[in-house]
Amino acid sequence: MVSIILIVIVIAIVGLAVATSIRIVPQAEAYVVERLGAYMETWEVGFHVKVPFMDKVAAYVPLREQVEDFPP
């Protein structure tokens, strides 16, 4: 009985790690990825997979045109 609960917990943790490691970068955005706190790469549009517990999406950079209103 205890071994079944342990197996279910391990499967849930592994499933959570896999689910959080898959990222889809939307159009007009870029993601800055760090590995263990150091810059690794910048992800452009598309499907990407990060290494669980090592990689972190450090910043979301919008690539859209920014409009500012300045006084005349």
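Visitor: Which helix and strands each supply at least two residues of the nonpolar patch?
Guide: In this predicted model, the nonpolar surface patch covers about 770 Å² and includes Leu6, Ile22 and Phe47 among its residues. At least two residues of the patch come from each of helix H1 (2-21), strand E1 (22-25) and strand E4 (46-49).

Visitor: Which element gives the most to the nonpolar patch?
Guide: The patch is made by Leu6, Val10, Val14, Val18, Ile22, Ile24, Phe47 and Val49. The greatest contribution, four residues, is that of H1.

Visitor: Is Val49 buried or exposed?
Guide: Val49 belongs to strand E4 and is one of the residues of the nonpolar patch. Exposed means over 50% relative accessible area. Val49 has a relative accessible area of 52%, and therefore counts as exposed.

Visitor: Is His48 buried or exposed?
Guide: His48 is also placed in strand E4. The cut-off for buried is under 20% relative accessible area. Because its relative accessibility is 18%, His48 counts as buried.

Visitor: Which backbone oxygen does the side chain of His48 reach?
Guide: Beyond four places in sequence, His48 is in contact with Ser21, Ile22, Arg23, Val25 and Trp43. Its side chain also reaches, at 3.0 Å, the backbone oxygen of Glu44.

Visitor: How many Å apart in space are Val25 and Val45, C-alpha to C-alpha?
Guide: Val25 lies in strand E1 and, with 2% relative accessibility, is buried. Its contacts beyond four places in sequence include Tyr31, Val45 and His48. Val25 and Val45 are separated by 20 residues in sequence, while their C-alpha to C-alpha distance is 4.9 Å.

Conventions: Residues are numbered from 1 along each chain as its sequence is written. This is a predicted model: local features need pLDDT of at least 70, side-chain atom pairs count only at pLDDT 80 or more; totals for chains, interfaces and linings use all residues. Side-chain values use heavy atoms; hydrogens and water are left out. Patches are made of residues with over 30% relative accessible area and no salt bridge: like charges are joined within 9 Å, nonpolar side chains (Val, Leu, Ile, Met, Phe, Trp, Tyr) within 5 Å. Accessible areas come from the Shrake-Rupley method with a 1.4 Å probe; for residues, only the protein chains shown count as cover. A salt bridge is a side-chain nitrogen of Lys or Arg within 4 Å of a carboxyl oxygen of Asp or Glu. Buried means under 20% relative accessible area, exposed over 50%, partly exposed in between (1.4 Å probe, protein chains only). A polar contact is a pair of N or O atoms within 3.5 Å; within protein, one must be able to donate a hydrogen and the other to accept it, and residues adjacent in sequence count only if both atoms are side-chain atoms. Contact means heavy atoms within 4.5 Å.
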